[in-house]
Amino acid sequence: MAAYLFAHFIGEQKDGEQVYFSVSKDGLHWADLHDGKPVLYATLGELGVRDPFLVRNPDNGKVYLIATDLRIEAGKGWHCAEHEGSRDLMVWETEDLTHWEGPWACRVGCREAGCVWAPEAVYDQEKKAFFVFFASMVQKPGDVEAKQRIYSVYTKDFKQFTQAECYMERENHVIDTTILEDGGRYYRISKDETTKRLILEGSDSLQGEFKQIPSRFLEELVGVEGPEGYRLPDGTWCVIADQFAKGLGYMPMVTKDLSTGEFTPLSKEQYHFGETKKRHGGVIEITDEEYDRLKDFYG
């Protein structure tokens, strides 16, 4: 892999909650495809999607794009989105990154869920299936009020799913979880929805006990969400976070070792996210051939 594809949305304006693409050779400097216009449109559900995430099946190379069925631009408001939002997952699939099948809607949320937010997936080599996780607002028996928790399902084809199970919960609301694998160890980065900060954890397995990794930098970083992570060409980890509170889009921070919790933010001279402000999305590594094909196809 020698390049990167970034799927994202851009905001709550008209057509802002659709799927946009950008590409990069170094993971830090991005070029918007299709003249900064959407490349995929939601035609089902709320007629808008947020938080698009890309994942590749390592066994056959097929790529899936999953996203939140949500369009705030419709005017229903955030309370409705959380408590009465769609529990469907929106899915596209492709074999060449330019011709996409979909979207189709999949009901993955548990019966009590008020919403299904920011879905992501990692491929579980042991199960030969995708581990899909997302945030849902749920009021369990004994709860004074509903709370955002992370739920999970398994699928092999993004059409048939196991029953949703609670994967993670905190004392406070938790949303926007991403999982990174490094040397057989798994790292979770999640947003504490109450404090608006990111939490880093580590475990030896996807289903194992995750323990929090102290990170002074993340503890002092306020007003961010939508964390994503990927390796840069030199092997350094790059974690990006959406500075939603300031309306500044994504910022990158780098570390050589996720287990240390030590991150260094990059200066504005060291990166460029393209001409459009990018909101919560996902990055996937691609080949040189795929990079050229995307630029030739979308411009």
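Guide: A disulfide is a pair of cysteine sulfur atoms within 2.5 Å. In this predicted model, a search of the whole structure finds zero disulfides.

Visitor: How do you know that Cys106 is in no disulfide?

Guide: The nearest cysteine sulfur, that of Cys110, is 16 Å away, whereas a disulfide requires the two sulfur atoms to be within 2.5 Å. Cys115 is likewise in no disulfide, with the sulfur of Cys110 as its nearest at 9.8 Å.

Visitor: Why is Cys115 called buried?

Guide: Its relative accessibility is 1%, and buried means under 20%; Cys115 therefore counts as buried. Cys106, at 6%, counts as buried too.

Visitor: What makes Glu12 and Arg50 a salt bridge?

Guide: Their side chains meet at 2.6 Å, N to O, and the cut-off for such a pair is 4 Å. Glu12 lies in the loop between β1 and β2 and Arg50 in strand β4, so the pair ties together parts that are 38 residues apart in sequence. Arg50 is buried at 5%, while Glu12 is partly exposed at 31%.

Visitor: Why is the pair of Asp59 and Lys128 called a salt bridge?

Guide: The N to O distance is 3.9 Å, and the criterion is within 4 Å; the pair therefore qualifies. The two residues tie together parts that are 69 residues apart in sequence.

Visitor: Why is Arg107 called exposed?

Guide: Exposed means over 50%, and Arg107 has 51% relative accessibility, so Arg107 counts as exposed. Its salt-bridge partner is Asp88, which is buried at 15%.

Note on methods:
Residues numbered from 1 in each chain as written. Predicted model: local features only at pLDDT ≥ 70, side-chain atom pairs only at ≥ 80, totals over all residues. Heavy atoms only, no water. Buried < 20%, exposed > 50% of the residue type's maximum accessible area, 1.4 Å probe, protein only. Helix = DSSP H or I, 4+ residues; strand = E, 2+ residues; numbered from the N terminus.
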